[in-house]
Structure formats: structure tokens, C-alpha cells
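Subject: Handover of the structure, with notes

Dear colleague,

I am passing the structure on to you with this message, and my notes on it follow below. Please read them with the model open beside you.

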Amino acid sequence: MFDINKIRSDFPVLAREVYGKPLVYFDNGATTQKPARVIDAVREAYDSYYSNIHRGVHALSDISSGKYENAREKVRAFINAESKKEIIFTAGTTASINLVAFSFGERYIKKGDEVLITALEHHANIVPWQMMCERKGAVLKVIPINDDGSLNLEKVNELITGKTKILAVTHVSNAIGVINPVKEIIEAAHKHNIPVLVDGAQGIQHGHVDVMDLEADFYVFSGHKVYGPTGIGVLYGKRKWLEDMPPYQGGGDMVDRVSFEKTTYNELPFKFEAGTTNFVGAIGMAEALDYIGSIGMDNISKHENELKHYAKERLEQLGGLTFYGTTANTISILSFLVDNIHQYDAGMILDKMGVAIRTGSHCAQPVMSRFGIDGTIRASMCFYNTKEEIDILCEGIEKVKMMML
Ligand code: PLP
């Protein structure tokens, strides 16, 4: 049973008011709110068994280590990875992509090689590759997008050459909500033996992700966008790559034996987890995955889909709105502009009505450039949002039009 009232009561912050009005939180693409059981799991870690992991023989360290490794197993099961060795805890999506860009780059990229990304990427899936290409003298190539925001898939085969070493693609665009056919893209790349990194920052929380079924070589996401704590994220990588790639950072835990002459490295996954990781964050994130698992990914997708269609229909009725990412295959993100009103003005007026939406380029300036704009208003909805909240957004947009036109 999908009980929206019960679900909303699981999230303490949703009960608050902003400027004396009920909070309408439509900024879930940027970060999601936390259910009480995630907050409790984090508090419990600090309250009752806090101690550093993997380092002590004492009781508390043993409990912390056990909970951390249990969290790894929960992540493995959630994305259906083959082995816990393939689950690396990082600080988030950005950290995971930087790790792969650096480490994969060190091992496999040489002068003149090519890296393929898409025009739909968040800056986090552009800049680390650009930095690596600059360092290695490699070339960054970009799969373009169509007017409806979908990827121009015909170009994939055209852009792949004998020099292409890796393809990086977002599962879902944070800026315009478009879902990419990642399985198809991976299949196309694999025909040429090219590994694929999928940026799952906006994919993991909206539908089932099965990395073995996708055959993704790398799949990355952030805890804070999947109802977990900030400062924790995941890098899933196929074992064959992770075994072969050199460590990214050096320090404690990632070593086997250290001497001044030579250091040998720890086995997976610890080889990529230098220093004290955010183990409390990992425990909180695993609790969040359990929580959304208990609601059911199918229920989440169904509710979010209904919200998207309702919002699109209601907003269209207002007139004067231009939508970006009009292809049918999208998540519950609506990215739009209202007449010629600047998105910041709209955002400020909506804020005063208690409606939190995002304005600007959404860390995806090339997407905005593609459409000849400098930003949009983005309403990103999730399973705890309601149609009543969409009505409040629509009232807000009407007010924006009344005040600004
Ligand atoms: N990739 C996408 C598609 C995103 O939406 C985001 C965040 O908005 C990121 C990467 C970066 O995530 P983080 O800031 O959690 O590292």
C-alpha cells in the first residue's frame, strides 16, 4: 500500500512552514529530504557505538566495522552487483567520477586517445574527463542532443573510433529530466570493447537499477540524492577494471604493507578507500536504501509518474510556458521558463509562497547553451510530493505572471 500521508509523516522537515506557509519542496534533484529512520540510524551510530572502522580489536570498532560492511552488502544487493568487492564508498557522485577519470586515465589513456561523453551531462561528468584529457593529451568528444532533449543516438556509432577508450553518460539528466537508454548505449559501446561509466546521480532514486543486467562497467551515485546523508556515495565498478586500475589516493586502509622502499596495496574494495571514510554516512545511506525498498521502487515510479503528468498538464494550462526536455521518456523533473520572465525573479516569488524550486543552469551549462538560454526553473518532484503541492506551484506561477508581466 502506498500511503502518502504515512510517507510524508516519515520526513520530519516536510511538516515545517516557510514564511508562515507550508513547505512545498520541489528541489529533490539537488538533494532529497531525510526520513526519520535515516536520521535515527546516524544518531544511533554516534550515540551508541561510534568508533573508527577496521582499526581496532575493541568492541565498538567491531560493531562499527560490522555495520559499515553490512551497509556495503546492502548497496550491493540494491544495485545487484556481483560482489561486495565492486562497491567502493566515496564522498559522492563527483568523487566517484573523479576517481575513475584519474585512475582509469592513468592506466589506459595515452596521447591521442578519445573519451566520449554526451551533451546532457552535469559538470561532474564533464570536467573530470576534461582534466584527465588535458593531462594525457587525449581528446574529449561529445554525443549531441536533439531538440526534444533526447540523445542523438545515431551519432554514437559515428563518434566511436578505434581510439575511443571510455564512454561516460548520465542515466538521467538533472537539468531537463530526460532518461537515457543506457542499456542500449552500453550494448553499442561494448560491441567495440569500450567500457561505459553511468552517472546514476538522478537515476538510482527513480527506478530499479540492476548493474549486471545493464552490464555497466561503472555506475556511480550520491547518498544525499537517495534520501541518505550528505558526504557519502558509491562507485560500483566491474571487478576486472577495479583490480587493474591503480589506487586514486594513498593513505591508511588502502595499503597492505608499507615501507620506505615500496608499498603494496590492499585488496578490493579497500584499495580505493584511503583514510577514514564516512562510515556513518554509509550506514545512514544503507538505511535509506532499506527505507525506499520498503516503499517499493515500482510504487515510487508510479506515483512520481502520476505527479509528472499532472504537473505538466496543469502548468500547460497556465499558458506562456516553454518546456525543455519534451521527449516522452523523462522522470518527474519539469524544466521550463515562463514567458520572458527571468528564472531568478520567478524563483524568488515562489520562495515567498513556500515553494522551493531551483533556478539557474543546474550545473549543466552546456545543456542550457544547447537551447540558447542561461537557465530554467526546475521543479523536481519525488514520491513524498502531492498533487496539492503542484496546485500551489501553479498558483505561484500565476502570481509570478501577474507581478512580472
Ligand atoms: N551528476 C548528476 C546527474 C547530478 O544531478 C549531480 C548533482 O546534482 C551530480 C552528478 C553531482 O552529484 P554530487 O554533487 O552529489 O557529487
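This is a predicted model: local features need pLDDT of at least 70, side-chain atom pairs count only at pLDDT 80 or more; totals for chains, interfaces and linings use all residues.

The residues around the ligand are Thr 93, Thr 94, His 122, Ala 124, Thr 170, Asn 174, Asp 199, Ala 201, Gln 202, Ser 222, His 224 and Lys 225. By class, this shell divides into two nonpolar, eight polar and two charged residues. As for individual atom pairs, a nitrogen atom of the ligand is 2.5 Å from an N or O atom in the side chain of Asp 199, while an oxygen atom of the ligand is 2.7 Å from an N or O atom in the side chain of His 224. A polar side-chain atom of His 122, in turn, lies 3.4 Å from an oxygen atom of the ligand. Taken alone the ligand exposes 400 Å², and the protein buries 85% of that area.

One of the shell residues, Lys 225, also has a polar contact within the protein: its backbone oxygen lies 3.3 Å from a polar atom of the side chain of Gln 205. Gln 205 sits in the loop between β8 and α8 (211-214), and it counts as buried because its relative accessible area is 1%, where the cut-off for buried is under 20%.

Some points of backbone geometry deserve a note as well. The peptide bond from Leu 268 to Pro 269 is cis, with omega near 0°, and Pro 269 belongs to the loop between β12 (263-265) and α10. Tyr 19, in the loop between β1 (17-18) and β2 (21-22), has a positive phi of about 50° although it is not a glycine; with a relative accessibility of 48%, Tyr 19 counts as partly exposed. Asn 193 likewise has a positive phi, near 60°, in a residue other than glycine. Its place is in the loop between α7 (182-190) and β8 (196-199), and Asn 193 is exposed, since its relative accessible area is 69% and the cut-off for exposed is over 50%.

Two further positions complete these notes. Ser 369 is found in helix α13 (residues 365-370) and is exposed, with a relative accessible area of 54%; the C-alpha atoms of Ser 369 and Ala 119 are separated by 9.9 Å, although the two residues are 250 residues apart along the chain. Asn 152 lies in the loop between β6 (139-143) and α6 (154-159) and counts as buried, at 17% relative accessibility. Between the C-alpha atoms of Asn 152 and Pro 229, which are 77 residues apart along the chain, the separation is 35 Å.

Methods. Residues are numbered from 1 along each chain as its sequence is written. Side-chain values use heavy atoms; hydrogens and water are left out. A residue is near a molecule or strand if one of its heavy atoms lies within 4 Å of it. A polar contact is a pair of N or O atoms within 3.5 Å; within protein, one must be able to donate a hydrogen and the other to accept it, and residues adjacent in sequence count only if both atoms are side-chain atoms. Accessible areas come from the Shrake-Rupley method with a 1.4 Å probe; for residues, only the protein chains shown count as cover. Ala, Val, Leu, Ile, Met, Phe, Trp, Tyr, Cys and Pro count as nonpolar, Asp, Glu, Lys and Arg as charged, and the others, Gly among them, as polar. Helices (H or I, at least four residues) and strands (E, at least two) are DSSP runs, numbered from the N terminus. Buried means under 20% relative accessible area, exposed over 50%, partly exposed in between (1.4 Å probe, protein chains only).
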